[in-house]
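Here is a brief report on one protein chain. Keep the sequence and coordinates open while reading.

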Amino acid sequence: MHALLWPKPSTSQDSFGSMLRKALALSCGLAFGLEQEVATALWGNDECGTGDAQCALHALQTRAAKNSTDDAATAYWDDQCTPCPAYLYTHCLAGGHLIGERGCGPASVHCEAQCKMETVVEGTEETAEPKINDKFRNCVTAYHQTDPEWAPNILENGFDVKYVRAGGLAGKGIYFATSIEATEHKAEHHGYCFEVRVCLGNSKTLPRYFPKDSCCTFQGLQFDGFDSATIDRGGFFYREYVVYRNDQMQVLKGWECEKDGQPKLNNTA
């Protein structure tokens with residue numbers, strides 16, 4: 001004798017029942033979560049009495065508004081207009097990390113980044129600002145020679161592009177050689193030598209000969225996706241690096257030197 005096979009219930013009824021059970025479970029979960037939030041607010045707010053749900057909800061709303069205000073206070077647009085997407089280029093030079101972007105430049109086809117500053121947790125010590133911006137990569141050791149009169153200020157405060165009086169072949173930046181010996185013929189002033197960590201980022205290579213003042217500014221380089229310029233004068237020894245921001249340079253050491261870069265006797269620093 002064969003067993004009877006009863007027809008299964010309608011799949012649509014099953015589906016409706018399943019969705020109803022999930023909705024009830026979700027509703028209970030949300031209610032439970034809200035109760036937990038209220039309980040937390042009551043516990044963390046001395047002004048709210050036990051069981052005072054209205055006061056607790058007000059505390060939650062105030063906390064959310066404060067968090068929103070804090071986020072707005074730590075976010076900024078970095079005013080660097082580069083090709084899109086922004087994360088492929090150097091942004092957030094004032095600090096923090098990239099959280100968004102918007103159109104900029106002609107027809108808004110390029111991108112400006114929105115950045116968020118890092119917040120310091122209350123009760124912890126804030127670390128000192130780095131002397132060089134960690135947004136720039138491709139760092140090299142390079143050399144510069146100048147007048148001894150300016151050396152004390154550079155040793156104390158670092159190089160400052162605002163004191164550049166005239167533009168060289170690559171505009172009003174600070175120029176560095178690949179060796180101290182090469183500064184003898186490249187520097188306009190002599191007597192004090194510096195070894196410097198120079199962070200080039202994405203460096204634009206310029207030919208040996210090109211019209212003076214036809215390039216460059218940091219804003220112009222950034223628009224094309226670059227952070228610095230490298231003048232190719234025919235081999236590594238003759239190469240020059242040019243940077244346009246103070247936070248791309250960190251002085252490693254300095255010494256009084258002869259014109260060829262060799263230390264003056266008994267005058268090393």
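## Overall make-up

Among contacts between residues at least 6 apart in sequence, 67% join residues at least 24 apart. This is a predicted model. The protein has 269 residues, and 35% of them count as buried. Its secondary structure comes to five helices and ten strands.

## Nonpolar cores

In soluble globular proteins, nonpolar side chains tend to be buried together. Here, the largest nonpolar core has 16 residues. Among those with the most contacts inside this core are Phe 159, Phe 176, Phe 194 and Met 249. Ile 174, Val 196 and Val 198 belong to that group as well. Two or more core residues come from each of helix H3 (151-157) and strands S5 (174-177), S6 (192-199) and S9 (240-243). S6 gives the most, with four residues.

Which residues does Ile 174 touch, leaving aside those up to four places away in sequence? The list includes Phe 159 and Met 249. Ile 174 also touches Val 161, Val 164, Tyr 241, Val 242 and Val 243. His 144 and Asp 160 complete the set. A second, separate core has 15 residues, including Leu 93, Ala 170, Cys 215 and Tyr 244.

Strands S2 (97-104) and S3 (residues 110-116) pair in the antiparallel sense, over seven bridges.

## A surface patch

Tyr 87, Leu 88 and Leu 98 form a nonpolar patch on the surface. Together they have about 340 Å² of accessible area. Tyr 87 sits in the loop between strand S1 (75-77) and S2. Is Tyr 87 buried or exposed? Its relative accessibility is 61%, so Tyr 87 counts as exposed; the cut-off for that class is over 50%.

## The loop between H3 and S5

Tyr 163 is found in the loop between H3 and S5. Tyr 163 counts as exposed because its relative accessible area is 54%. Gly 173 is ten residues from Tyr 163 along the chain. How far apart are the C-alpha atoms of Tyr 163 and Gly 173? They are separated by 9.8 Å.

How values were computed: Residues numbered from 1 in each chain as written. Predicted model: local features only at pLDDT ≥ 70, side-chain atom pairs only at ≥ 80, totals over all residues. Heavy atoms only, no water. Core = buried A, V, L, I, M, F, W, Y, C linked by side-chain atoms within 4.5 Å. Buried < 20%, exposed > 50% of the residue type's maximum accessible area, 1.4 Å probe, protein only. Contact = heavy atoms within 4.5 Å. Patch = residues over 30% accessible without salt bridge, like charges linked within 9 Å, V, L, I, M, F, W, Y side chains within 5 Å. Areas by Shrake-Rupley, 256 points an atom, 1.4 Å probe, with all protein chains shown as cover. Salt bridge = Lys/Arg side-chain N within 4 Å of Asp/Glu carboxyl O. Pairing = 2+ DSSP bridges.
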